[in-house]
Amino acid sequence: MTSSSSADFHPLAESVQPVFDTVLARSPHEPEFQQAVHEVLNSIAPVLARNPQFVDGGILERLVEPERQILFRVPWVDDAGRLQVNRGYRIQFSSVLGPYKGGLRFHPSVNLSIIKFLGFEQIFKNALTGQGIGGGKGGSDFDPHGRSDAEIMRFCQSFMNELYRHLGEHTDVPAGDIGVGGREIGYLFGQYRKITNRHESGMFTGKGTGWGGAEVRTEATGYGAVFFAQEMLGVHNDSLEGKRVGVSGSGNVAIYAIQKATQLGATAVTASDSSGYVVDDAGIDVDLLRQIKEVERARIVEYANRRPGARFVEGGSVWEVPVDIAVPSATQNELDLAAAEALIANGVRAVSEGANMPCVPAAVDAFQAAGVLFAPGKAANAGGVATSALEMSQNASRQRWSFDASENKLREIMADIHSAAFDAAERYDVAGDYVAGANIAGFERVAGAMLAQGVI
């Protein structure tokens, strides 16, 4: 990845441009992190104009610099007896609202830029939930695909041998992300428990429901993105009923976005992976998709092979398929300007980001210029971390809530996040701009707490 310069981004307001210039100078080879910072700074200049105390307190200068960056090697032995070495990361960005909270991602694309962008986004996403959790993120360039359970266990144990010293229910609480599901969380938590001699349930979320996990945590990110889309449509006296929904990805977020959209009366017609995408005009069969992707860990083409009427398209863009609602749920920067233009031409009504920053800036601009309702990931996909916080609450009180009770709490939280973003946009004269609204609402909460707690 080549380094960026200020010329690669449109100019920012005078009050924030120097901060961004410092980010470019200090992090010259981190394009994803630069992109995430630029988006936030672009939104919050009006907040600084109304609140000069945030400028005097150096809030931005502190906010763009992580409180702690942890990089470490992860040695492990594969099934053939060969030594392997990966790199581990944990970026603890902000603890002003509570313990660091954010997932672990195991994927070969993981690098410092990606983890920092995810951690920075997590600050505002977690603030929007109103649940007293800070922002952090971590992971490794380890690729679990094609590895045996024994290899994954040995890697997770080695990874936790270093990371455990930086974690704790009052310090830093990881969860899963891409490549880190129930299997990996089990191995990671087990090693933490072994090393520390503490059954500290609240130090990890996304656990199995039989050993401290919360109902709806698995479904929460996908469900939340759909709930947010429903809230946006509701402002315009519309709903998901009868809508055609396009979803990218076929992992945890995508599967449960498809399921909830279907339950709310829509027809979800697509799913994808790195090999291509499937189109099922009758509606994606969630049980079949789960069997193929979660149990067999097979390629998406298998769905078309087993589902009459479905078709597989190798390569290409899933966003060429005409839909009313788009829920990009695969990975960062997956939806480019050409994809946005195709969606707009086909009459897309709303976009709700299930993944973290899946739309490139030019795509976001195109959606907003075309009057498409657009929900940024830090608001739309906050359901996952919100339910993680609910899991922490249950662990702390030794309680377990029902699926229905947990889902109702999730629905309420997503409605509150929508209201916070919607109201902030109106207060700062950018009504309907959920990107600006989410950034402003999250920033105000974090900045206020930072000012109150002094220069630390």
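Two strands count as paired if DSSP finds at least two bridges between them. Helices (H or I, at least four residues) and strands (E, at least two) are DSSP runs, numbered from the N terminus. Bear in mind that this is a predicted model: local features need pLDDT of at least 70, side-chain atom pairs count only at pLDDT 80 or more, and totals for chains, interfaces and linings use all residues. Residues are numbered from 1 along each chain as its sequence is written, and side-chain values use heavy atoms, with hydrogens and water left out.

**The antiparallel sheet**

- Strand β9 (residues 276-279) is joined to β10 by four bridges, and the two run antiparallel.
- Zooming out, β8, β9 and β10 make an open three-stranded sheet in the order β8-β9-β10, with antiparallel pairing.
- At its edges sit β8 (270-273) and β10 (311-314), each of which pairs on one side only.
- On average, neighbouring strands here are turned by 20° against each other, direction ignored (axes are lines fitted to C-alpha atoms, for helices over the stretch in contact, and angles run from 0 to 180 degrees between N-to-C directions).

**The parallel sheet and its helices**

- Five strands build another open sheet, ordered β7-β6-β11-β12-β13 and paired in parallel.
- Its edge strands are β7 (267-268) and β13 (373-375), and each pairs on one side only.
- Within this sheet, β11 (residues 325-327) and β12 (residues 350-352) pair in the parallel sense over two bridges.
- Ile325 has Ala350 as its bridge partner in β12.
- Helix α8 (residues 220-235) lies across β11, β12 and β13, and runs at about 150° to β12.
- Helix α9 (residues 252-263) packs on the sheet too, touching β6 (244-247), β7 and β11, and its direction makes about 175° with that of β6 (contact means heavy atoms within 4.5 Å).

**Helix pair α6/α7**

- Helix α6 (residues 149-163) packs against helix α7 (residues 182-196) at an angle of about 45°, with the axes 8 Å apart.
- That makes α6 oblique to α7 (under 35 degrees is roughly parallel, over 145 roughly antiparallel, 65 to 115 roughly perpendicular, and the rest oblique).
- The contact includes Ile152, Met153 and Phe159 of α6, along with Tyr187, Leu188 and Ile195 of α7.
- By type, the contact residues of α6 with α7 split into nine nonpolar, three polar and three charged (Ala, Val, Leu, Ile, Met, Phe, Trp, Tyr, Cys and Pro count as nonpolar, Asp, Glu, Lys and Arg as charged, and the others, Gly among them, as polar).

**Helix pair α15/α16**

- The axes of α15 (residues 383-397) and α16 (residues 403-427) come within 10 Å and cross at roughly 130°.
- α15 and α16 are therefore oblique to each other.
- Gly383, Ala386, Thr387 and Leu390 in α15 meet Ser406, Lys409, Leu410, Ile413 and Met414 in α16.
- The residues of this contact comprise five nonpolar, three polar and one charged.

**Aromatic pairs**

- The structure holds 20 aromatic pairs (rings of Phe, Tyr and Trp, its six-membered ring, pair if their centres lie within 6.5 Å; planes under 30 degrees apart are stacked, over 60 edge-to-face and the rest tilted).
- Phe54 and Phe443 have ring centres 5.8 Å apart and planes at 85°, so the pair is edge-to-face.
- This pair links distant parts of the chain, with Phe54 in helix α3 (residues 52-56) and Phe443 in helix α17 (residues 434-453), 389 residues apart.
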